[in-house]
Amino acid sequence: MIFQLNQSVNQKIEIPNSRGIEVFIKREDRIHEFVSGNKYRKLKYNILEANRLGLKTLLTFGGAFSNHIAAVASAGKLFGFETIGVIRGEELEDKIESNATLCYAKACGMQFEFVSRDVYREKTSEEFINKLKNKFGNFYLVPEGGTNDLAIKGCEEILTEEDEEFDYICCAVGTGGTISGLINCSKPGQQVLGFPALKGDFLQEDISKFVSKSNWELIIDYHFGGYAKINEELVNFINEFKDQYQVSLDPVYTGKMMFGIHDLIGKSYFPEGSKILAIHTGGLQGITGMNQVLKKKRLPLIEI
Ligand SMILES: *Cc1c(COP(=O)(O)O)cnc(C)c1O
């Protein structure tokens with residue numbers, strides 16, 4: 001089995017008054033039109049492993065708008081696996097048609113198991129996994145968010161030789177798998193900055209388990225109140241960014257990271273003349289779902 005991913009290009013964005021600081025965006029979002037770039041990176045070696053083990057089904061976990069669910073469904077279709085998504089929230093069972101992520105996953109052939117939030121919390125327990133095996137037969141288990149050793153190996157392929165010129169590598173952080181891969185393949189003079197998309201004191205420790213270098217830091221000031229929390233200021237930033245640079249950002253991860261980078265440039269965090277590479281990890285499939293939430297709250301919508 002061949003699992004080939006395109007190398008993504010670095011796009012320069014001209015930020016006004018940036019004191020010689022240069023910002024480039026690595027367009028990992030372009031790896032697939034609908035699926036997050038980093039989720040494909042994380043799946044690559046897991047899919048090869050499932051194939052090696054002779055397993056024909058991938059099972060994973062996620063929420064209603066999960067980029068990871070969309071990615072597993074899409075990869076399953078592309079590489080000939082059955083896919084099962086264990087979805088948080090029983091109430092979603094009747095709402096598949098009004099949920100863009102679940103609709104897409106279903107169209108890719110994903111089968112769903114909707115569970116209550118209480119049951120979902122058991123997602124790593126052996127008892128629950130065995131119940132799922134009784135119901136669906138044997139499968140290759142991909143953890144929620146897709147992070148494991150093989151996922152990190154895939155993320156170590158994001159940076160290339162030509163990226164060695166950058167002083168800072170920035171990325172959004174969910175479970176910490178992507179940043180771990182970036183840290184592992186960074187060069188000694190480079191600093192890796194992670195922008196957590198959620199409140200989580202556990203992240204520092206989780207990432208430490210996967211890396212052996214210390215040239216990294218989490219910038220915890222830009223989660224906007226927590227996972228998938230969003231306000232008008234962030235929506236406006238995302239829309240203005242798109243108008244200015246023709247680059248769409250997602251509201252859960254990359255929008256918060258770019259907001260943070262932009263804000264830090266304004267606060268003179270980066271030395272003059274620094275070269276920054278921001279990883280666009282994708283996630284654009286989640287915009288439709290977020291716009292439904294924004295509409296209910298009578299907030300401005302994200303332009304698609
Ligand atoms: C999942 C995701 C992340 C976070 O990746 P982790 O490896 O879980 O830290 C960042 N950006 C986007 C767009 C994602 O979908």
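**The ligand and its surroundings**

Modeller: An oxygen atom of the ligand is 2.7 Å from a polar backbone atom of Gly 174. A polar contact is a pair of N or O atoms within 3.5 Å; within protein, one must be able to donate a hydrogen and the other to accept it, and residues adjacent in sequence count only if both atoms are side-chain atoms. This is a predicted model, in which local features need pLDDT of at least 70 and side-chain atom pairs count only at pLDDT 80 or more, while totals for chains, interfaces and linings use all residues. Residues are numbered from 1 along each chain as its sequence is written, and side-chain values use heavy atoms, with hydrogens and water left out.

Colleague: Which atom of Gly 176 lies 2.8 Å from an oxygen atom of the ligand?

Modeller: For Gly 176, a backbone N or O atom lies at that distance from the ligand oxygen. With Asn 67, an N or O atom in the side chain is 2.7 Å from an oxygen atom of the ligand.

Colleague: How much of the ligand's accessible area does the protein cover?

Modeller: Accessible areas come from the Shrake-Rupley method with a 1.4 Å probe; for residues, only the protein chains shown count as cover. The ligand has 390 Å² on its own, and the protein covers 98% of this area.

Colleague: Where is Ala 228 placed, and what is its phi?

Modeller: Ala 228 is in the loop between strand E9 (216-218) and helix H9 (232-245). Its phi is near 65 degrees, a positive value in a residue other than glycine.

Colleague: What should I note about Lys 123?

Modeller: Lys 123 is in the loop between helix H4 (117-120) and helix H5 (126-136), and counts as buried because its relative accessibility is 18%. Contact means heavy atoms within 4.5 Å. Leaving aside neighbours within four places in sequence, Lys 123 is in contact with Phe 61, Phe 128, Ile 129 and Glu 144.

Conventions. Helix = DSSP H or I, 4+ residues; strand = E, 2+ residues; numbered from the N terminus. Buried < 20%, exposed > 50% of the residue type's maximum accessible area, 1.4 Å probe, protein only.
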